[in-house]
Amino acid sequence: MSNHIYKHLELTGSSSESSDDAVRRAIAKAAETVRNIQWFEVTQTRGHVHEGKVQHWQVTLKVGFTLE
């Protein structure tokens, strides 16, 4: 295994579909401008409830990427 140095950033993704979709959207958007994303860690999950049903998911995550 190679020795890597990682930098991380914090993102918050949102979705009306699911928490997984919120994570995927956040990572996909970050990957448009950040290279070498290697891992993520979910730090918070929140949601909005309306009339007894989940209407929206919001997920905060740390994303790690290797430095060049």
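Val-23 is in contact (heavy atoms within 4.5 Å) with Phe-40, Val-42, Val-59 and Leu-61, leaving aside its neighbours within four places in sequence. The model is predicted; local features need pLDDT of at least 70, side-chain atom pairs count only at pLDDT 80 or more, and totals for chains, interfaces and linings use all residues. Residues are numbered from 1 along each chain as its sequence is written, and side-chain values use heavy atoms, with hydrogens and water left out.

Helix H1 covers residues 19-31. Helices (H or I, at least four residues) and strands (E, at least two) are DSSP runs, numbered from the N terminus. Ala-22, Val-23, Ala-26 and Ala-30 of H1 are buried, that is, under 20% relative accessible area (1.4 Å probe, protein chains only). These buried residues fall within an arc of 100° seen down the axis of H1, so they line one face of the helix. The arc is taken over directions from the helix axis to the C-beta atoms. Their cover includes strands S1 (6-15), S2 (37-50) and S3 (53-66).

The largest nonpolar core has 8 residues: Leu-11, Ala-22, Val-23, Ala-26, Ala-30, Val-59, Leu-61 and Val-63. H1 gives the largest share of this core, 4 residues. Such a core is a set of buried Ala, Val, Leu, Ile, Met, Phe, Trp, Tyr and Cys residues joined through side-chain atoms within 4.5 Å.

Thr-60 lies in S3. Thr-60 is buried, at 5% relative accessible area.

Terms used: Expected span 1.5 Å × (residues − 1). Buried < 20%, exposed > 50% of the residue type's maximum accessible area, 1.4 Å probe, protein only.
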